[in-house]
Every structure is written in C-alpha cells, then in structure tokens.
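Thanks for asking me to look this over.

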Amino acid sequence: MTDPVAWIVLLPLFWATLAFVIGPEHGGRLAFAGLAVQLALALTVAQDVSGGAVRVHSVGGWDAPLGIELLADGLAAAMLLLTQTVALPLALYARAYFRVHPECGRYFWPLTGFLLAAMNAMFLSADVFNIYVTLELVGLAAVGLVASGGGGAPAIVAALRYLFATLLGSGAYLLGVALLYGTYGSVSLSVLAPLVNENAPAAVLLAAGLMLTGLMLKTALVPFQFWLPPAHGGAPAPVSALLSALVIKASFYLIMRLWLTLYMPLTVPAAAQLLGMLGGAAILWGSFMALRQAHLKMLVAYSTVAQIGYLFLLFPLVTQTPPETVQSATQGVVMQIFAHGLAKAAMFAAAGAVILSTGHDEIAHLGGISSRLPLTLFTFSMAGVTLMGLPPSSGFLAKWLLIDAAISSRQWGLILVMIVGGLLTAAYVFKVLRHAFLKAEQSTTFRRLPRMLEWPAFILALASLLLGLRAGDLVNLAVAP
Amino acid sequence: MSTGMIFALAGAALFVTGVAGLVLQEHLLRKILAFNVMGSGAFLVLVGLGQRSGTPDPVPQAMVLTGIVVSVAATALALALARQLFNLTGGMRLPRKAPDD
C-alpha cells in the first residue's frame, strides 16, 4: 500500500487525470505538489537501493510469470531521480510560461503527467513486454505534447513525423520481443539474461538487431535524427525541455539496460565499432548543424542530436574491453545522461524566456539580452559550460570518464572526436553569447519577465554545474545492483 | 513445417510489407493502415512462435490483446492528427522536406 515504487507510477497518473478534469488553470499547482512528492519517493528509492536493497513490487499482488513486476535497481533509481529532479523546476517554469500563452498549454498538464507515469514505469519494468507497453505510452504522450502546443500546421507535421518514427521504432522492438519469446518462452529480463550466450540461435541475433534499431530510431541517433529538430525546436519551450532532457534518455536507458544485462555476449566488436562511429558522426554533424542555425531553439535542438552521440560511444568502450574500462565508460555515460538532462532542460527554458521577452529567437538579433535578461543569459552560459565539458561541471566529469575509458582501451579516434565535439560546442555556445553581448537594436522591445520564468532554469543549470562536485554518490548509485 | 511456423513466416511477411508501406507511402491514411499491417505482423509472429507442439500458449495471446489496445490508441491519435492537418492545410500528405523552422 505504501510502497514508493508503486506510488511513483500511480501518483502522476492521478494528478494527470485530475488536471484533465478540472481544466488547465489549476493543473499546474496539482502537478507541482505531485512532483514534489514524487521527488521525495525517488529519493527514498535511491536511498534504499544504494543501501544494498533491490526493491521489487508485484503489481496487484500477482507474482512475476502471471503478473507484472516492478523492479528498482541502481540504474533505475538514478533515472527516476533525474526525471523527477528535472520535471519539478520545469513545472514551475511551465506554470509561468502558460500564463503568458494559455492557448499553448491546454493539455500540457495531463499529457505531462501521463508521460512521467509512463517513463517511471519504464525505468521500473523488469520484462521486455512491459517495456514495449511503456515505450508506446511514452511515445504517444510525447507526440501529444508536440501536437497540442498551438504551433499550427508545422507543429502537426512535426508531430506526425515523430509519431511515425516512434511507431516504427516500437514495432521493430515488438517483433524483437516476439522472437525472444518464441526462442526462450519468457519475457522476464532476469530469466532471459543467463540464457543468452555466444551460441544463441540466429533468431536472437535478429531480435537484438531489431530492438536496437527500433530504440535508435526513438533516440534519434544519426542517421535517424530527421524527426528530432522540427519536433523539439517547434514545440513550446517547456515541452522541448521535457522531450530533449528526458524522453530521449528513456529510450537510451533501454538500450543500455538491454545491452548490459542481456545482449553483451552477442555483441561483436565490428558492430560496436559501427555504433561508436554513428555516435561520432552524430557529435560532429549535430554540432556543425547547430553552428549553422539562425534560430536559437533550432540551435539547441541540433545540440541535442550532437550530445546523443556521446551516449553511443558506450558500445565500443564496453565490448571486449577490460573490466575497469567497462566501469568508467558506464559511469561516464550515466554522468553524460545527467549532465545533458539538466543542462538541456535549462537551455530550452532559457531560450523560451528569451522568446517570451523579445518575441523572436533569431540569433542575429539577440543584442541587448546581456543587460536586459542577465539571469537568463547566465543560465544559458552555465548550461553551455556543462555541454562543452569544462570543469567543475558534470559534463566535464562525463567526458573525463569517457576519455579515460578510451585511453585505457587504446581507442584514440574516440578521444579525437570528443575533443573536436567539445570545441564545436564551444563555438555554437559562443556564437549565441557574442550576439547577446551586442548593444540592443532600436527595434527590439523587451517584455519584463516574471521571476518564475528565469529562476527554475537557473536552478537546473546550477545543478548541472554543481553535480560535478557530488558525482561520487550518483555514480555509485547507478552501478549499485 | 509446423502450423506455428507458417503463422510466424506469414507474420514476418506482413511486418515487412507494413514497414515498406509506412516508409514509402505518402498518403497519411495509407501510412496509418500500413502501421496496422506492421503491428498485425508482429502479433502473428508472437502468437505463431508461442505455440509449443501445437498447443496454444495463453501468455502471448494476452500480450497480443494488450498490443492491440496499444495500437488502437496509436491509430486513433494518428487519425486525429491527420484530420487536424487536413483541416489546416487541405492536404493529406506530409511536405517532402522538413522546413528548417
């Protein structure tokens, strides 16, 4: 009855449904209260798990083969913590944002609640079929958020593209589940893990390939990035922040979970190298495209394409490498998930504040921001510091751990890509800053912003910076059994 | 060849047809139908491979029921969006290239 693992899934469902019934005006307050409790629950789970207890909850009292099991291990607890930590300040931000633009936020609170419930359930899923269901729920809620943002025909087109990409992705994943069940007669991760080995039949290899391709499509790894920039760049700022910071990470979390527990023995070095190369291509191409954008939100969206690339460097670093390389690569990727989650939420929120104040987001006409919106610009720069990977930010630590893993496994190409990626990131962040420090143009008018449009983003950016100092706890939590 | 295997192979063929339709067809309604064909293919594989020596296995049947519910919801959302696009632009096709903004 009082198990936090169950309530962290139920609570957002409750406030989402209530928010739908009572209408958008009051949804924000409910959501904030719900999220505050969810954060407390996530902290409880994290504390239990880092104390060495794996939390299992059988839904409705039915045990695993018949019922659905929710299981919280270290990685799941870390993801729960990240999700609630990012969503709580964003709820404050979204309340202020939709007070200015009420027409964009009619369904924001219900859809956000369903999205968070689906993501929390996904992190806690212990079988591959339950993962499929939560994956679809996350996708449908996210598409709904993109479509209901009041962006007219371009937003509907972006939502449809996103919907088809996400349906194709989960379709491929489901076929993988069917092949796994057909081969082993089980969908439970803990039952499957010992059965999958080097001599697995071809059907299992096919399943692994289908599941990986489907999830890559949802994570928008190059060459599947086509749907991301219009969907993330075109949505209202609070939605972009949720999608870029959290939803992308949810499908990557699944890739990580499936590989580290299930498919590791099947992975051949050539496939891992290919994934690493796609990751490297994403870093370079995404950063280059970000540098070329004329609009602030599109720049931030392409920056997401680039930052996703770092996550996929995991594969060449953990395939047939020494255990200490595997450990520091895994820690680096978890750190990168957190660094990018916090920093990108802050960056999209700051970009949204700029748009509300000036009425546009053309980078060439951002002059005067430095004197009129100093806090927002400071937020943007701090988030930029994390993305570039300068000390003492969490982004620095993530890249440090990844480079350390690359050195110990002698993969020099990856180090080069990471360094060039960091320089390109600096280039696009400074491109924004350079224009922001110019004098204001005569034609620009600045609206005064409510404090709640600036401070939540600042807190997120500060968290991404300071996380570098408390990284030990997080990294230990993520690798806890 | 067992009946289950015939079901599974037919499912695989349906799945590939559906994916091809989803990617290649331009009309939104055809894309949505193709998605349903793809989903049915995956369900057929799930039920077909789930049969052990001719006796049907109830677990994949329950999973397919859940999957059907999910795909009905997805179809409804896709249709609602397609209708909204039709109301806004009068067309049922996505523009060829995503606009930069």
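How many salt bridges does a search of the whole structure find over all chains? That search finds four. Please keep in mind that this is a predicted model. The points below start with these charged pairs and then turn to the core and the interface.

1. Let's begin with Arg55(A) and Asp3(A), which form a salt bridge whose closest N and O atoms are 3.2 Å apart. Arg55(A) sits in strand β1 (residues 55-58) of chain A, while Asp3(A) is in the segment before α1 (4-22) of chain A, so this pair ties together parts that are 52 residues apart in sequence. Arg55(A) is partly exposed, at a relative accessible area of 22%. Asp3(A), by contrast, counts as buried at 14% relative accessibility; the cut-off for buried is under 20%.

2. Next comes the salt bridge of Asp73(A) with Arg257(A), where the closest N and O atoms are 2.5 Å apart. Asp73(A) is found in the loop between β2 (69-72) and α3 (74-100) of chain A, and Arg257(A) belongs to helix α10 (residues 237-263) of chain A, so the pair links parts that are 184 residues apart in sequence. Both partners are worth checking for burial. Asp73(A) counts as buried, with 14% relative accessibility, and Arg257(A) is buried too, with a relative accessible area of 7%.

3. Another salt bridge joins the side chains of Arg470(A) and Asp473(A), at 2.5 Å from N to O. Here Arg470(A) is exposed, its relative accessible area being 57%, whereas Asp473(A) counts as partly exposed at 45% relative accessibility. To come back to the pair in point 1: Asp3(A) and Arg55(A) are joined with Asp48(A) into one network by salt bridges that share partners.

4. Now for the nonpolar side of the picture. The largest nonpolar core has 224 residues, and the members that touch the most other members are Tyr173(A), Leu258(A), Tyr263(A) and Phe312(A). Helix α6 (residues 152-184) of chain A supplies the largest share of this core, with 20 residues. Domain 1 (1-266) and domain 2 (270-481) of chain A each contribute at least three residues to this core.

5. Which residues is Tyr263(A) in contact with, leaving aside its neighbours within four places in sequence? The list is Leu180(A), Val196(A), Val204(A), Ala207(A), Ala208(A), Met211(A) and Leu258(A). Of these, Leu258(A) was also named in point 4 among the core residues that touch the most other members.

6. Finally, the interface. Between chain B and chain A, 40 residues of chain B are in contact with 33 residues of chain A. The two chains bury about 3,100 Å² between them, and 82% of this lies on carbon and sulfur atoms. On the chain B side, Met63(B), Val70(B) and Leu81(B) lose the most area to chain A, together 17% of what that side buries.

7. What about polar links across that interface? The rule finds zero salt bridges between chain B and chain A, and two residue pairs are in polar contact, both at pLDDT 80 or more. The elements giving two or more residues to the side of chain B that touches chain A are α1 (3-24), α2 (28-50) and α3 (58-89) of chain B. Of the elements on that side, α3(B) gives the most, with 16 residues.

Note on methods: Residues numbered from 1 in each chain as written. Chains lettered and ligands numbered in written order. Predicted model: local features only at pLDDT ≥ 70, side-chain atom pairs only at ≥ 80, totals over all residues. Heavy atoms only, no water. Core = buried A, V, L, I, M, F, W, Y, C linked by side-chain atoms within 4.5 Å. Buried < 20%, exposed > 50% of the residue type's maximum accessible area, 1.4 Å probe, protein only. Helix = DSSP H or I, 4+ residues; strand = E, 2+ residues; numbered from the N terminus. Domains from an automatic or database assignment. Contact = heavy atoms within 4.5 Å. Buried area = accessible area lost by both parts, 1.4 Å probe. Polar contact = N/O pair within 3.5 Å; in protein donor to acceptor, adjacent residues only side chain to side chain.
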